[in-house]
Amino acid sequence: MSLVMSLLSIAARGGLKVSFILLTISLFTGLIVAVQSISYSYANEALILKEISRSPKLAVSHKPRTGASLRVEVAAVRLNGHIVILVAPEDVERYIALHGSRVDDEYPGKGEILVGERLKPLLQGAGLTVQGKPLNVSGFILAPIHLSSVILLTSETMRTLGVETTTLYYEEAEGPGMGLTEAPSSASLVRTVTEEVLNTLTLSTLLLYAILALTCMIQGYNVVHESRRVLEIFSDLGAPRGRMTTSLCVASLAMSGGSVALGYALGITASAFASSIISVTLGLPYIKPIASLHLIYCLCLAFATSSIALASGLVRGYSSVDGN
Amino acid sequence: MGSIRVAFSMAFVFMATLLVPLLPLLINGAPFIGDSWVHLGLARDVAASGRYALNAYNERWPLINLLLAFLMLVTRLPELYVGQAVPFLAGLAGLPLYALCRRLGLSRASSIVPVLFLSFNPLYSYVTFSGAVMKETATHYLVILMLLLTVSALKDSPSKPRMASLFLVSLGVVFGHHYAGLVILLFLWALAGYELIGRLRGESLRLHSVLSTAFGFTIPFSAWNLLNYLALGAYFPIFNATDGLLLLAIFIVAWTSLISDGGPFSSKRPWLAPLAFLIAVMGLRGGLYILAQPVEPISIWEARNYLVAAGFSLSSLSIGLKNQCLKAYASAAVSMLLFAFLWGYTQLGFVLLIKSLHYFGPLLAVGAGFTAAALLRRGNLGRILMVAILLFLVYASSTGTTLALNGLGAYSRGEVEAMRSFPSISPGIRVYGDTRVSYLFPYASGLTISGLKPLRDMEHSSLIILLKPNWEQGFLYDYDWVAKETIAPDEQLLKRGRVYDSTYLQAWL
């Protein structure tokens, strides 16, 4: 460990010319992260466009449009400082079916409520106090996401709470409006174009990883040759070759780790600033770079590529220096 | 500068810095911002019952509530006056700031300047923060004290009493406010990072003490905030993983930008600090945020004020950044401001921007101290220039202070008295009012407000409470201004009966 610390200390003082390696890894990682994070953020929004362009399944209005409308009483209450929506349909089962919801356990009876999944932290044991009235929880709404902060109850229970409600009417939406058909459909077009763009970017990113690996390997080899006097001192002091090799590998891990972290920071900050400047100057919506598993995968790949390549370059360089 | 003149200036400056936070009480007779009533009410209940509960959000930050309750029990003074202990404490923050500047190597005369600059910064209205009886204000003194203790601990040998003091102050910050805690968390880890690099370069031997301080803060900070997160059910995605990663990314960039001592990207050229200043101006006056409140275009005179403030506070900041502690604080303060800007242009983003300015302010103030030191070295001309700039800054910041003291965030004694004498309302009648009313009403008369909606949507048997600024300036909806006509146009108001009328309060049924 002390050998690794010594190598890192020498690097920090400029004895090993590693600054260009660090810069290279940071810039490559930054480029990869910026491209990937911003493209995935925009793709995320594109998927919303797709959702919007899709025909609606549900129609909601203040007045019944047909005899098949489902009457729903809706109210907003404050629970622990958060606004929660209370929904009391005249037929709970139909309301659930209209939303295509998934429910865990039973539908609510009198004095019972069905609670959205996100509201679980508010539960007090098996119940929940709403407007000062304790109510039993009959089950949970698992999906869709827009019902995850909703409390579903019967109209009878809603009346006992004494809250001010708004009446809405739900029904299944009619088919595509005006009978228009699209060829190709805008939804599939958005999806296909987005996937194509992401696939192309993935290919370009893989190319960047390959260049990063090559650059790290060559720079690692060159750094050892440039700093041969420093490494020769270690050899003269009797540092075992095996330990020296291991130390170079550990040092390359540390350097890659630091550089990838900096690259990640540069990539995220640059893409956020770019989107912000576009938003301010062109009036387009500001898209924040999103955190995703894909981003973590990109960082892991950048770290693995650069550390392995750098370690190989350093070790190969050290072998050639030590062999002379 | 002669020692008598310095002592005289010091006395004047400290008087001014103590006075500014007390302006809301001295001019209007009541503290600033609605949060004040929540904490005064909580402290009153704690003092009366002798029990402290940790249920609601505002109870989860016991520093201010217990401080006020303690003072109420000890002094037996009216709550309104006891509450002024918090703005007074904010004014007292000038003392550790002065000591901090002295520790950073500034002369006695130069160290007075940051104290003055903190209170008279034209970038934002300091009084809106320091004049409030709220969590952040109560923690402000501890934040500056924490900086001072860290600088002292690193400059001298870190003795056990000093580390114990640091730990105690850390706990105060943790129980004071989460935003202040986050700033200190970033500051301590930035410092640990710089110390690690210093250790590798063979320049520093204080890594262990910095790491113990960082861990000593991080563990209670994480535990307390995690507990609050779980207990309060903070499940709504206000701050999610994306925001966490964005903050981390900005922090790494800000930290790295100051790591080197030479070159274009180094502490000699701290380019992120001017960028943060520019962003703050754009955020405040650029109309970037989606707010109901119209933003007047920036005038050439305001631009001049900002330019002078930026020039005075940033031109010599790089000299101060030779100190690792200030470098670490700069990383944290700049990160928080940039993060607030990149968080999004919503109302909450704007609130974050304002909050971040409270921690960017001390950095600018210290920077101003170093510019003052440079000016003082230039003889009489430098001294005259410095005094002229300081007088100009006092004048430039007075516009914001005056606007704030007459704005919707301020309360007046008349409003408080009117609320207190408001008759009790029959149960079953809904009472509506804006954010100002919804904070003051529960404190003064124990009734709850059902929020605010346009008059046409209110039930006929409901009551709407208007305070004087409502019919003069408009309504405050959350933190946003809404025109009077949007909520209560005169023709609709006149359809209702005025059941209560005083100079400061009207109730319409």
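This tour walks through a two-chain predicted model, one selection at a time.

Local features here need pLDDT of at least 70 and side-chain atom pairs count only at pLDDT 80 or more, while totals for chains, interfaces and linings use all residues of this predicted model. Residues are numbered from 1 along each chain as its sequence is written, and chains are lettered from A, with ligands numbered from 1, in the order in which they are written.

**Stop 1: chain B as a whole**

Select chain B. Colour by secondary structure to see 24 helices and six strands. Helices (H or I, at least four residues) and strands (E, at least two) are DSSP runs, numbered from the N terminus. The radius of gyration is 24 Å, close to the 23 Å that the globule rule gives for 509 residues, so chain B is as compact as a globular protein of that length. That radius is taken over C-alpha atoms, and the rule is 2.2 Å times the number of residues to the power 0.38.

The C-alpha trace of chain B spans about 75 × 50 × 45 Å. Of the 509 residues in chain B, 49% are buried. Buried means 20 or more other C-beta atoms within 10 Å of a residue's own; exposed means 12 or fewer; partly exposed lies in between; C-beta atoms are placed from the backbone. Now consider contacts, meaning pairs whose C-beta atoms, placed from the backbone, lie within 7 Å. Among contacts in chain B with a separation of 6 or more, 75% link residues 24 or more positions apart.

**Stop 2: the two domains of chain B**

Select B:3–405 as domain 1, then B:413–508 as domain 2. These bounds come from an automatic or database domain assignment. The C-alpha centres of the two domains of chain B lie 35 Å apart. Show the contact region: 13 residues of domain 1 of chain B meet 14 residues of domain 2 of chain B. On the domain 1 side, α2 and α18 (347–376) of chain B each give two or more residues. Ala, Val, Leu, Ile, Met, Phe, Trp, Tyr, Cys and Pro count as nonpolar, Asp, Glu, Lys and Arg as charged, and the others, Gly among them, as polar.

**Stop 3: two loop residues**

Zoom to B:I33, in the loop between α1 (3–28) and α2 (35–49) of chain B. Its phi is positive, about 70°, although B:I33 is not a glycine. Is B:I33 buried or exposed? B:I33 is buried, with 23 other C-beta atoms within 10 Å.

Move to B:R76, in the loop between α3 (62–75) and α4 (79–82) of chain B. B:R76 is not a glycine either, and has a positive phi of about 60°. B:R76 counts as exposed, with 9 C-beta neighbours inside 10 Å.

**Stop 4: where the chains meet**

Show both chains. Here 24 residues of chain A are in contact with 24 residues of chain B. On the chain A side, select α1 (2–12) and α7 (241–282), the elements that give two or more residues. α7(A) gives the most, with ten residues. By class, the chain A side has 15 nonpolar, six polar and three charged residues.

**Stop 5: strands in chain A**

Select β1 (58–61) and β9 (166–172) of chain A, which pair in the antiparallel sense over four bridges. Pairing requires at least two DSSP bridges between two strands. A:L58 stands opposite A:E172 in β9(A). End on A:V72, opposite A:L168 in β9(A).

Key
Contact = placed C-beta atoms within 7 Å.
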